[in-house]
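Let's take a friendly walk through a protein model together. Have the sequence and the 3D view open as you read.

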Amino acid sequence: MSTFIETFVGGLLAGTMYSLVAIGFVLIYKASGVFNFAQGSILLFAALTFVTLKEAGIPFAAALVMTILILIAGSVAIERLILRPLANRSPMTLFMATLGLSYIVEGGAQGLMGAQVHQLDLGIDDVPLFIGDVLISQFDLVAAVTAVVLVGILALFFNKTRIGISLRAIADDTRAALSIGINQNRILQIVWSVAGIVGLVAGMLWGARQGVQFSLSLVVLKALPVLIIGGFTSIGGAIAGGLIVGAAENLAETYIGPLIGGGTTSWFAYFLALVFLYIRPAGLFGERVIERV
Amino acid sequence: MSRTLRRAIFAALLAGSAAIASPVAQAGPGEQYVPLPTYRVGAYASSGTLWWAGELDYFRYINDVEGGIDGVKLAYEEFETEWSPDRTVEVYERVKDGKDGSPIAFFFTHGTPATYALIEKAAADKIPLIDPAGGRTESTDGTVFPYAFPLLFNYYSQASVGINFIAQKEGGFDKLKGKKIVTVYHDSAYGRETQPAIQLLAKKYGFENIQIPVADPGSEQSAQWRKVREIKPDWVFLRTWGVSTPVAIKTAARFGIPADHIIGDVWAGSEADVIPAGTAAKGYQALAPYPGGPNFDIHARLRKDILDAGKSNLQDPKFFGSVYYNIGLVNAVLAVEALRTGHAKFGNRPLNGEEGRWAFEHLVIDEARLKKIGFLGLLQPIKLSPYDHEGGGAARIQQWDGTKWVLETDWIQADRETLRPLIEAKSAAYAKEHGITPRDPSKEN
Amino acid sequence: MAVSSVATNTKAQLLSFSERRPRWGIALLLVTLLVIVPYFGSEYWLDAIIVPLLILSLAGLGLNLLTGYTGQTSLGSGGFMAVGAFSTFLFGIHAPFIPLPLALVGAGLIAAVVGLLFGLPSSRIKGFYLMVTSLAAQFFLEWVFLNFPWFYNYSSSGTVSLPHLALFSLDIGSTAGRYYLTVTIVIVLTWVAKNLLQSHVGRSWMAIRDMDTAAAVIGIPVHRYKNLAFAISSFYLGIAGALWAFAYLGSAGIQSFGINRSFQILFIIIIGGMGSIEGNFIGAAFISLLPLALDYVVQSVFAGHVDAGLLQNVQKAIFGFLIIWFLIKEPDGIARLIRNAKERIAVWPLRF
């Protein structure tokens, strides 16, 4: 029984790591209807920039600030050079554009900062904590807390600040928002910057766990089932989806895996997403789309 | 851009592709062309860039300092493949006929999947595929695979050396009986390659062999290591690659598996594999047919003539002597010594594939020669033959002390006699499936 | 009015032009493909450039039927190609008496069934979310072909290869043989696709793509046609996969059919033009030739002066930039650009 609890809790915590990545996607999808495939590359780029600055001797806080500034600059560039020319195009076109963007960011990241693997020490020891008989990873716990704090900050941002409300207006009805004078371009720049910062946080945590290296950008593929289950437009959904995916994946690998030869982690989350889609095509917390002829 | 210009570009692309018959660098007359399919982009670039640096530095040393191999300089050239076997095949097709009058004597595949993809083509084109510490294990049997060389250390030998080291640590082979040895492996052909060998050795020595797969890319392994903790093994053999290695080491530490009872295989034993794991990796051991360290004789020579002279391919001199850099050095020296062997027989000129095969099959590097070329301790003494395309089968064990790799043992030999029947069974099966009659090397020159 | 008379003439011209085209245009194309190319092409060009280009175009065509014409987004192309490749291998191993063309058709049918299975969710799930089910297919198939050694006949390398390609005891393992095998199959299947798209099947597909609710309202059995699209698309992809493994590479493992392959095929149809047939060929040329051309140009200018790693990464960035640039300039793909050009020519010297 304690194995089950341990697997379950461990999975929940691991799932928050997925949620962190998914939140970045949700932000951009909410604001512009674009599934940003480049989020993974941006995550890698942010983490790599931070680590490179830190290794060059710049203190933690300063490196963090510099990275954030670079991300903001990047978001402005993306909005002007890619999003504006492609306004009003189909979601598929925008998706392909983000795919192209991911190549640019990856090539840029590795070209400028090298392909070497970097260690990222955030000062969080990955030692086990024992609650009774159940082993919990301290690192995962910190990650979970970070995720919750992040969600809290974002919730405040969206509900209480002017920019946040403008963002929701744009997401809700772009034309109406434009007609009352909300600057869509500025909002998009801000959203992409915030998504970049969220990506930085996620990248730092993932990097601390497995080293800052190219495979960081592959977390995108794990974020997709999380988004499906949680809904593309809900941040709370991203958390819920992450928890579900993390727990289910872990339980499946432990209990179903031995029956069929193991290695189920690559596809189990997707099958789960499929099942969810059957029941709720818009995800747990997503908006239902009503089709009209 | 006008529509005519767009169509013109498309037509130019198509026509231009016909013109891209050969790439850019020029091989001079009498130079041996050495194409290198490399990967400096993508997930594996971190290991790749150091590997090529080692190879290119040694080739440069041979060219600039020694004036070539018996006067024959090397014209080497890189081609990006992003570790994709499909792209390596395309590169192979591009270069297999050689360049500027020089044929190619061999083809480094730089990756086991690429070897799998090219084995039949290379056999048909008569070009030896060189894949040290990798490749298809059954190609050790040169009678069925004349053109594939899993040089130095095939996957079965890896398993055997791991077990032999464990026996050493436990105090004898008889102590292995009843012990639990878990193998955590990357769920791919690469990860599974050692399974038949370990099974055989488990039967021979009486230890329990448990295999646990990790799906690619292996960023999350709590489920696997939780299981390992339940099993409470005596030793863990880590057969992972890429990001799955540091994650494995870290997760193992989290679940209380001591790092000094985890042994990584060749491709899980570099700096890139342990640095991200931080303190969890202290005490972790790995098989080292290519030990790490910048203090072998060859490093002193390279430091003088290449590194300090600014001719090194390394972007960051801090990586001089790292495990992958040394892998590059060893790969390069094997090629150079093979060519030297070939020159002794065929004359001092560029060699072709068939001559390259002969050269590799008669490659002998003993301790005296190792001392002379500066590789004593870095490369094991090897002797190949048409029956034995591996030639070595030994590795040292190195341990990570938190900042660098420290060599723990001398060369530990694999139990090749026990493993040979397994290899021959597999090569016979391959021969049957593909209708190949094994050649009889005693009838050749 | 002058405009309307020009318009009528244009229409007539366009129609007659497209009717005349089959006669001399296609004939010319066939002669080029079947005679001129193999005669003049070097072994490297045929083996490593033209054959993969044709196979990728075929795969693109398969995906286009599903995504471009029926509007069902799919990222499972790699997996279905793998089904075709492994099925052909298994036919070769366990039933070697079946001649190669039949084996290929059989493999295609098996791929079609698998595609159909994974396409069933399309009855409930639409648009972007359908991409997820196709990704489920992709990752699941990747796992299946790795985990169950029966599929690759227990070989330790996990790769499959046909010992020799033979067509009714005629050895086609040579470069010319493989080229002819590929080009014949591509020509036949393209012809089939063209006819399919011009029939009621194609029209129903396009109706479903444009607005499936309306299509259902006017009586098109939407689910049936969606399933048909998945099946036929996977049939094409399966055959393309078999050709990729055996006519191009020689031996392939599941890595050749991973998620990157799926993305590559999707790229091909988007760049080339979704909803067009020529677009697949153009897109395949773009995707497979442009990196080579880029490499050639960059290397001839910069090689030896700049670190090779930096060069390669810069090329990757340039490739991404070109994709975005193309999307900005013409989102309907290069085929649309060419079609626009043709329409302009038809009314030249007037503007419209």
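The text below looks at two chains, then at the contacts between chains.

This is a predicted model, in which local features need pLDDT of at least 70 and side-chain atom pairs count only at pLDDT 80 or more, while totals for chains, interfaces and linings use all residues. Residues are numbered from 1 along each chain as its sequence is written, and chains are lettered from A and ligands numbered from 1 in the order in which they are written. The model scores ipTM 0.84 and pTM 0.86.

**Chains B and C**

Here are some values for the two chains. Helices (H or I, at least four residues) and strands (E, at least two) are DSSP runs, numbered from the N terminus.

Chain B has a radius of gyration of 22 Å, which agrees with the value near 22 Å for a compact globule of 445 residues. For chain C, the rule gives 20 Å for 352 residues and the model has 21 Å, so chain C is as compact as a globular protein of that length.

Two residues are in contact if their C-beta atoms, placed from the backbone, lie within 7 Å. In chain B, 70% of the contacts with a separation of 6 or more join residues 24 or more positions apart.

How confident is the predictor in chain C? With pLDDT being the predictor's confidence in each residue, from 0 to 100, chain C averages 83, and 91% of its residues score at least 70. Over residues 1-20 of chain C, however, the pLDDT is below 50, and this stretch has 7 contacts beyond near neighbours in sequence. Where pLDDT is low, the predicted coordinates should not be read in detail.

**A helix pair in chain B**

Now look for helix H5 (residues 155-170) and helix H15 (residues 416-434) of chain B, which pack at an angle of about 145 degrees with their axes 10 Å apart. Axes are lines fitted to C-alpha atoms, for helices over the stretch in contact, and angles run from 0 to 180 degrees between N-to-C directions. On the H5(B) side, B:Tyr156, B:Ser157 and B:Ser160 meet B:Arg416, B:Leu419, B:Leu422 and B:Ile423 of H15(B).

**Where chain C touches its partners**

The contact between chains C and B takes 39 residues from chain C and 42 residues from chain B. Which helix gives the most to the side of chain C that touches chain B? That is H10(C), with 9 residues.

Turning to chain A, the contact takes 33 residues from chain C and 35 residues from chain A. Helix H5 (128-147), helix H7 (200-217) and H11 of chain C each give two or more residues to this side, and H11(C) has the largest share, 13 residues.

Definitions and conventions: The radius of gyration is taken over C-alpha atoms; the globule rule is 2.2 Å times the number of residues to the power 0.38.
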